[in-house]
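I opened this notebook to keep a record of what I looked up in one structure, item by item. The sequence and the model come first, and my entries follow.

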Amino acid sequence: MFNIQPLTYTESKTHKEKTMPTKLIINCATGEQTEVELTAEEIAQREADAAAYAVEQAEREAEAAAKAAAKASAEAKLAALGLTAEEIAAL
């Protein structure tokens, strides 16, 4: 699972300019590592991906909450019918 963090821009203490987010490119054949600034399109895509992930995560959490509420409701109804906690757990 990926943990996508929101983009942050930091100001250089000496230049008072914003630094762009970067990506690391690794040449597997040579092992050479190059750090390259993201393009505007890559930044926009990253932000869109982060927003989509947040929506999906909220949907998963809402689904889990609804499932838990339905289970609690069903257990309450069974208890109202006179079943014991052990009998409900056995179902």
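Predicted model: local features only at pLDDT ≥ 70, side-chain atom pairs only at ≥ 80, totals over all residues.

Entry 1, surface. I began with accessible areas, which come from the Shrake-Rupley method with a 1.4 Å probe, and for residues only the protein chains shown count as cover. By this method the chain exposes about 7,600 Å², of which carbon and sulfur atoms supply 58%. I then looked up how residues are classed: buried means under 20% relative accessible area, exposed means over 50%, and partly exposed lies in between (1.4 Å probe, protein chains only). Buried residues make up 5% of the 91 residues in the chain.

Residues are numbered from 1 along each chain as its sequence is written, and side-chain values use heavy atoms, with hydrogens and water left out.

I counted helices (H or I, at least four residues) and strands (E, at least two) as DSSP runs, numbered from the N terminus. The chain has two helices and two strands, and along the sequence they follow the pattern β-β-α-α.

H1 has 41 residues and reaches 60 Å from its first C-alpha to its last, close to the 60 Å expected. Just after H1, I found Gly-82 with a positive phi of about 105°.

Entry 5, the strands. Two strands pair if DSSP finds at least two bridges between them; here five bridges join S1 to strand S2 (residues 33-37), and the two run antiparallel. Within this pairing, Ile-25 has Thr-34 as its bridge partner in S2, and Lys-23 stands opposite Val-36. The hairpin has six residues between the strands, and in this hairpin Gly-31 takes a positive phi near 80°. I also looked at Ile-26, which is in strand S1 and is partly exposed, at a relative accessible area of 45%. Taking contact to mean heavy atoms within 4.5 Å, and leaving aside neighbours within four places in sequence, I found Ile-26 in contact with Glu-32 and Gln-33.

Which side chains meet in a salt bridge? I used the rule that a side-chain nitrogen of Lys or Arg must lie within 4 Å of a carboxyl oxygen of Asp or Glu. The search of the whole structure finds one salt bridge, and its partners are Lys-23 and Glu-42, at 2.5 Å from N to O. The pair links distant parts of the chain, since Lys-23 is in strand S1 (residues 22-26) and Glu-42 is in helix H1 (residues 40-80), 19 residues apart. Both ends are partly exposed, Lys-23 with a relative accessible area of 28% and Glu-42 with 26%.

Not counting residues up to four places away in sequence, Glu-42 touches Lys-23 and Glu-37. I also noted that the C-alpha atoms of Glu-42 and Thr-22 are separated by 9.9 Å, although these residues are 20 apart along the chain.

Conventions. Expected span 1.5 Å × (residues − 1).
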